[in-house]
Amino acid sequence: LKYFFDNKILIIVVLILSIVFGKIYLRFFTVPLYETEASILPINNGNSNNEMSSIAGQFGISLGGNKNKLDLSSGHLVPEIVKSRRLAKSLLSYNFDTKKFGKNKKLISIVKNDTVLKKFSEHQIRDATKKVKRMISVKVQKRSPILILRVQGSDKYFIPKLLDAVINELSDIVSQFKLSQNLEKKSYIGSRMNDVMSSLKVAEDNYKIFKQTNRKILQSPSLIIEEQRLLREIELQTKIYITLKTEYQMAEIEEKGNSSIIQILDKPEIPLKKLSPKPNQIYASFIMLGIISCLGVISFREWWSSNVESLRELILK
């Protein structure tokens, strides 16, 4: 307490300077960081496909699908797409309005802090892609299929637009995959329909020939059994054809449909608070540093005043 009251002016000055330096540090040496988030729900229609595949499997045919194959629209793979280089690189060509760089500027120019250069090298594109990937994060819920997408940046008005672009690009990538998968599926089903139709025609021709050559079927048990076998073959091929035709029509409806693969539950909003830096922590750090420095100065002064004579005698000797 004696040291405190003897040096109270020094302590007060140091505390004031600590607050001033903290204010200067926050104003000129820190970059504000904001974060916005959105909730999305990936819609996977794989269950209906699996049901149709199981029905087709009862007739001994395969629709070319694999029930154990993961779908790009599943909650397991969407986070990987969000953090992929493909998505980040696609975002570089998007145009945004920012407070710092102005209107209608490409994301690569914003990330590279260069709005003058029109063409970027491959090295610059890869570096910008890495920076965009670091801005984006995704959180997977343990007991829910809902995914939380987050984007961080220094412009609180820009990052919600960037997150909207992330969701749009994610939906486009998944839709393109589903379309290519659907076209491949239609091609396979079309070829199987042609094969089944040929088998059905052969079965019908065999039955026609059988009926023409065997007029007295009821008098022969073997002919009755043979007729039933031919009828079963026609019925089987007909059911297979109907199943394939139904699946083909469903694929066409899915191809021409406009339903979204990604449903947005909560849209990104302009953040109200900074993620960092936190002023209270900065001020507390500078005050603690000031107090420690002040205690060091006071301790050194007291030690010097107590040992200055001894040091002089030591030097003179």
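Analyst: The secondary structure of the protein comes to ten helices and six strands, where helices (H or I, at least four residues) and strands (E, at least two) are DSSP runs numbered from the N terminus. The model is predicted, and local features need pLDDT of at least 70, side-chain atom pairs count only at pLDDT 80 or more, and totals for chains, interfaces and linings use all residues. Residues are numbered from 1 along each chain as its sequence is written, and side-chain values use heavy atoms, with hydrogens and water left out.

User: How do you know that the span of α2 agrees with its number of residues?

Analyst: The expected span of a helix is 1.5 Å times one less than its number of residues. For the 21 residues of α2 that gives 30 Å, and the end C-alpha atoms are 30 Å apart, so the two values agree.

User: What makes V13 partly exposed?

Analyst: Buried means under 20% relative accessible area and exposed over 50%, with partly exposed in between (1.4 Å probe, protein chains only). V13, which lies in helix α2 (residues 8–28), has a relative accessible area of 39% and is therefore partly exposed.

User: Which residues of α2 are buried, and how do you know where they fall around the helix?

Analyst: I11, V14, S18, G22 and L26 are buried in α2. Seen down the axis, these buried residues fall within an arc of 105°, so they line one face of the helix; the arc is that of the directions from the helix axis to the C-beta atoms. They pack against α1 (2–6) and α10 (279–316), contact meaning heavy atoms within 4.5 Å. On the other side of α2, I9, K23, R27 and F28 are exposed.

User: Why is the pair K211 and E227 called a salt bridge?

Analyst: A salt bridge is a side-chain nitrogen of Lys or Arg within 4 Å of a carboxyl oxygen of Asp or Glu, and the side chains of K211 and E227 meet at 3.5 Å, N to O. K211 lies in helix α8 (residues 159–213) and E227 in helix α9 (residues 221–256), so the pair ties together parts that are 16 residues apart in sequence. At 34% relative accessible area K211 is partly exposed, whereas E227, at 16%, counts as buried.

User: What separates E235 and K239 in helix α9?

Analyst: Being four residues apart in helix α9, E235 and K239 are separated by about one helical turn. Their closest N and O atoms are 3.5 Å apart, and the two form a salt bridge.
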